[in-house]
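Here are my notes on the model you sent over.

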Amino acid sequence: MITTFLGHELKAFWRSKNTGKSIAIRVVMALLILYLFGCILLAGLFLNEILGQVFPHDDIVVSFCGIILLYFLFDLMMRMQLQELPTLRVQPYLHLPIKRNTVVGYLAFTAMLSVFNLWPIILFVPFILKVILTDSGALPALVFILAIIGFMLFNNYMALFIKRKANLNGWVFLVFAAALILIITGDFRFHLYSVRNISYLYFGHLLTKPVLVLLPVVLAATMYYINFAYLKQNLYLEELSSRKASAYKSSTEFPLLNRFGKVGDLAANELKLIFRNKRPRSALVMGLFFMFYGLIFYTNSHYGQTWYIFVGMFMTGIFIISYGQFMYSWQGAHFDGLLVSKINFRDFLKAKYLLFTMVSTVAFILTTPYAYFGWRIVLVHFVMYLWNIGVNTTIVLFFANRNAKRIDLSKGASFNWEGVGATQMLISFPLMITPYIIYLPFSLFKHADVGLAMLAGTGIIFILTRDFWVKKLEEDFIQKRYTVAEGFRNK
Amino acid sequence: MIEVRNLKKVYNGITVVDVPALQINKGESVGLVGNNGAGKTTLFRMVLDLIRAESGEILSNDETVAGHEKWKDYTAAYLDEGFLIDYLTPEEYFYFIGGLHSHNRTYVDEVLVGLTDFFNGEILKKGKYIRDLSKGNQCKVGVAACLLQEPQLLMLDEPFANIDPSTQFRLKNLLKDLNRNKGVTTIVSSHDLNHITDVCDRILLMEKGVIIKDIATSSSTLNELEAYFGVEVAPPAH
């Protein structure tokens, strides 16, 4: 039975990762995954040297023992955010004559198939083989590996258990997250204790007393058993599913947008789309994080104004780029409805402009505190803000007419490749390069200010001629509408 | 109201719709029946200009549908959940649709009050987004959104499929009322032969993309359709 399950699992994996994607996307995906994998592997292979650099006064084995628990603490936080519950996949088997133990065992087992369970192994095992094996011998190396696998599995099942609990009661998640943050701040902020010392206390003793390996093994086994028992007792769809128990959903309004009539209504709908669905919401949240992007560049005098243009464009326009690149896909699920409704496509486009302008304006206001690093930075931001709402919005919408990949709004954003196609690869070139095509010729001949003025001027011209671009985009869309609608209908 | 000329749609070399000529007059109630894959939904989509026909054209009030938007003023349709904006609450969706036709909220509220029975207390003020409603209740939202638009042409694709028996009867009465008392042209598809012969005055039977029968409903229509769809029961094998 388990082999049949595994066969289905493999099929599900390959078919969900590969269907509907072109060769180019698959190659880029594979390269990215290999790159990530390679980075971690490199870090693992040179961990001894990295540790020697970071903690020059300590013995590397001591520092190594110190960081392990610290790693698992952050690992737990990451898992809470990113690891997905392997749940609904059992739905098709629940009503079939298959023993509950088999189904639960399968569920608990597939929970191990997560990238998070690969990282600690490639990160730590090379060090253990290189240093601990040669210094202390085979037995300590073996118990080290076992202990790391033990902690890894403990974390794995702990995160899943908390997530399952949190699905039924949102407070569980908050309490757990608060506890984790308290543990970390207790160490790094208030210096009440040191996780590194605790980690060394355990792993240091593990070197001399291999029996201690039983601790993580028992912990992992217990956690696995708790999970298993809990799942077995609660093998009902509503408790398994990753959907949260729903609270009362009330209607909301954006009075500010009412002034814009039908265009405002459309923009209000799109705002609701963003706030009420997981993936677009994370695009927005990511945009907020990007507000700190400037700290990397402005604190370092090494970067000049040429960089500021780039940073300014990203900070005031990250939403246009991250949300806009998938445009109309967000509405793919109800695109037929939009086409049949009495919506003028020009209004539809104007609503997009309105949305982008609003979000960019907010982003620009949020970045004004960077005036601390000089008013010139705010000036560059303002120029790039004009550029974003003038030029970049139009570029993004031009590509949106060519994008026919559906997106399932309810899925999370991390490692989600749905909706990614050639459009997203192509769109980055004009977005990144065009401002420099205008700016660089001037700045290279020591007239950077003229270049900046040209950027601002182009932005303003595009804003003033918006109606013209809306008309052009509409004509363009009318040609492509059948292809786009057809693509969205293909689930 | 609707005129179809030499309409043809081909997918991967297979003709899925082939209608040389079809005329639907104003005020008619037309029922579309046929097994899965007969081309009912494809025909609907072409009338709504959602897919491009290989050849031929569809006229609505003497104007080609493709590339024009005038028909949107008087046409309302609900084909599937893809017509609903599923992250809105039903109320928000109704106000939005009403707004597109420049109806204010009081007007929308009035229409919705008239639909209280049809909703059966399961749609309004339930604190759910449309995506959290059952398929049957989503269908109710879709039909109600159509009625809000005060259409002259109403198109529903298998509206009876997911709704409960009470709602089926209410929907039938609603459709009859719209057609007979308000002169709305209705085109409805269904697999339920009883319902469709009850509601519609004219039945179009499709098979593999072709309209093979075009009958005015009479007392013998149901039998005729049952004879067509009835599959001979094979004698038990020995």
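**Notes on the two chains**

1. Let's start with a pair of helices: helix 2 of chain B crosses helix 5 of chain B in a right-handed sense. Keep in mind while looking that this is a predicted model.

2. On the geometry of that pair, helix 2 (residues 90-100) and helix 5 (residues 135-148) of chain B pack with axes 9 Å apart and an angle of about 25° between them. Because angles under 35 degrees count as roughly parallel, helix 2 of chain B is roughly parallel to helix 5 of chain B.

3. Which residues make the contact? From helix 2 of chain B come B:Pro90, B:Tyr93, B:Phe94, B:Ile97 and B:Gly98, and they meet B:Val141, B:Ala144, B:Ala145 and B:Leu148 of helix 5 of chain B. The contact between these two helices of chain B counts 8 nonpolar residues, 1 polar and no charged.

4. Chain B also has an open sheet of 6 strands, with mixed pairing and the order 6-7-8-3-9-10. Strand 6 (75-78) and strand 10 (210-216) of chain B sit at the edges with a single partner strand each, so one side of each has no neighbour in the sheet. From one strand to the next, the twist averages 15°.

5. Within that sheet, have a look at strand 7 (residues 153-157) and strand 8 (residues 185-189) of chain B, which run parallel and are joined by 5 bridges. B:Leu153 has B:Thr185 in strand 8 of chain B as its bridge partner. Packed on the sheet is helix 6 (residues 165-182) of chain B, which touches strand 3 (29-33), strand 7 and strand 8 of chain B. The direction of helix 6 of chain B makes about 150° with that of strand 8 of chain B.

6. Over to chain A, which is split into domain 1 (2-8 + 21-240) and domain 2 (255-489). Note that domain 1 of chain A is written as two segments. Taken over C-alpha atoms, the centres of domain 1 and domain 2 of chain A are 38 Å apart.

7. How many residues of each chain are in contact across the interface? Chain A contributes 25 residues and chain B 27. On the chain A side, helix 14 (261-276), helix 18 (335-340) and helix 23 (466-489) of chain A each supply at least two residues. Helix 14 of chain A gives the largest share, 6 residues. By type, the side of chain A that touches chain B has 9 nonpolar, 8 polar and 8 charged residues.

Definitions and conventions: Residues are numbered from 1 along each chain as its sequence is written. Chains are lettered from A and ligands numbered from 1 in the order in which they are written. This is a predicted model: local features need pLDDT of at least 70, side-chain atom pairs count only at pLDDT 80 or more; totals for chains, interfaces and linings use all residues. Domain bounds come from an automatic or database domain assignment. Two residues are in contact if their C-beta atoms, placed from the backbone, lie within 7 Å. Helices (H or I, at least four residues) and strands (E, at least two) are DSSP runs, numbered from the N terminus. Ala, Val, Leu, Ile, Met, Phe, Trp, Tyr, Cys and Pro count as nonpolar, Asp, Glu, Lys and Arg as charged, and the others, Gly among them, as polar. Axes are lines fitted to C-alpha atoms, for helices over the stretch in contact, and angles run from 0 to 180 degrees between N-to-C directions. Angles under 35 degrees count as roughly parallel, over 145 as roughly antiparallel, 65 to 115 as roughly perpendicular and the rest as oblique. A crossing is left-handed if the near helix is turned anticlockwise from the far one by less than a right angle, and right-handed if clockwise. Two strands pair if DSSP finds at least two bridges between them.
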